[in-house]
Amino acid sequence: MTGLEHGAAWMKGRIIPIAEATLPITDWGLTHSDITYDVVPIWEGAFFRLPDYVARFEASMAACRLDIGMDRDAIIAALHAMVGAAGLQNAYCAMVASRGVPLIHGNRDPRHCANHFFAWVVPYVHVIKPDVIEAGASVWIAKDVRRIPADSVNPRAKNYHWGDFTAGLFEAKDAGFETTVLLDHAGNVTEGPGFNIFAVKDGRIVTPNAGVLGGITRQTVLEMCAELEIQTTERALPLEELMEADEIFLSSSGGGVLPITRVDARIFSNGVPGPIGSRLRTLYFDWVMRAEHRQPIGKP
Ligand SMILES: *Cc1c(COP(=O)(O)O)cnc(C)c1O
């Protein structure tokens, strides 16, 4: 027992039990949600597509003008050291860049804060548990809240502006649904708390391209479809079209491909995970074991 088996954090170069990891209460990451992050999955002792996740994290930091003073190799070394110390084989590994505390009391200039990096790792998290997926998972289209517009908060930089998702989750849970998906102000489908969405119609797949995070799992789905010769299109997806689909599924680093059997009152694929979503779900778990996508823990 190392004290790290429930999770570990990397803070200021030290690896500590996750319960001991804390932030100053004046950190703008906390007071202003002025923070960006990424989450890479660890499967059977190796990171999946680590260079892609770290590249997205770097792009998010650049978009937010955050400078943590660490290069890509330093970030990767910190993650390996932390996950190796925790000894977790299947895990959820977060890397975070926060604006930090103002350098001078009363400062209101975002350029004058002590930006900093930290990371944490916990046992693997499924956004929807596998037994719920098997039994048929449900999505609630949020009615009283819309996705924050892309010209207000950049959805392509993974962020903590979860007010819209949290309101949608309250609606979903109160109505007895598993999770929620938000619409934009034009009535197009966007995404949900931690996942992208896909609609299958007549064997072809559509996924929203605007107002959403560029999910690495979404990218993996598009690549798997290319391998399977399934046609995919990235474009606006109106709610009416989603409701006419044959199959719906979600994609997330927290569980891979997640077939959905119900959206609001409408049942999809006869209430069981659909054939294309199920095939992609299985293939995703093959892809996470493919050597070219894996970086074993402790071997940066
Ligand atoms: C993390 C996240 C996703 C999914 O991205 P992955 O890289 O596939 O995990 C989708 N939407 C939002 C808002 C997210 O935070």
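Predicted model: local features only at pLDDT ≥ 70, side-chain atom pairs only at ≥ 80, totals over all residues.
Start with the seven-stranded one. Its 7 strands line up in the order E2-E1-E6-E5-E3-E4-E16, forming an open sheet with antiparallel pairing. At the edges sit strand E2 (14-17) and strand E16 (294-296); each has a single partner strand, so one side of each is left without a neighbour in the sheet. Going from one strand to the next, the twist averages 25°. Strand E16 is held in place in this order by its pairing with strand E4 (residues 46-48): 3 bridges join the two, which run antiparallel. Within that pairing, Ala46 has Pro296 of E16 as its bridge partner. Helix H3 (residues 72-86) lies across strand E1 (8-11), E2, strand E3 (35-43), E4, strand E5 (91-98), strand E6 (116-123) and E16. Relative to E6, helix H3 runs at about 35°.

Then there is the four-stranded sheet, also open, where the order is E8-E7-E14-E15 and the pairing is mixed. Here the edges belong to strand E8 (179-181) and strand E15 (266-267), and since each pairs with a single partner strand, one side of each is left without a neighbour in the sheet. Further in, strand E7 (residues 138-141) and strand E14 (residues 262-263) run parallel and are joined by 2 bridges. Across this pairing, Val139 stands opposite Val263 in E14. A helix packs on this sheet too: H5 (residues 163-174) touches E7 and E8, and its direction makes about 125° with that of E8.

Notes: Residues numbered from 1 in each chain as written. Heavy atoms only, no water. Pairing = 2+ DSSP bridges. Contact = heavy atoms within 4.5 Å. Axes fitted to C-alpha atoms, helices over the stretch in contact; angles between N-to-C directions.
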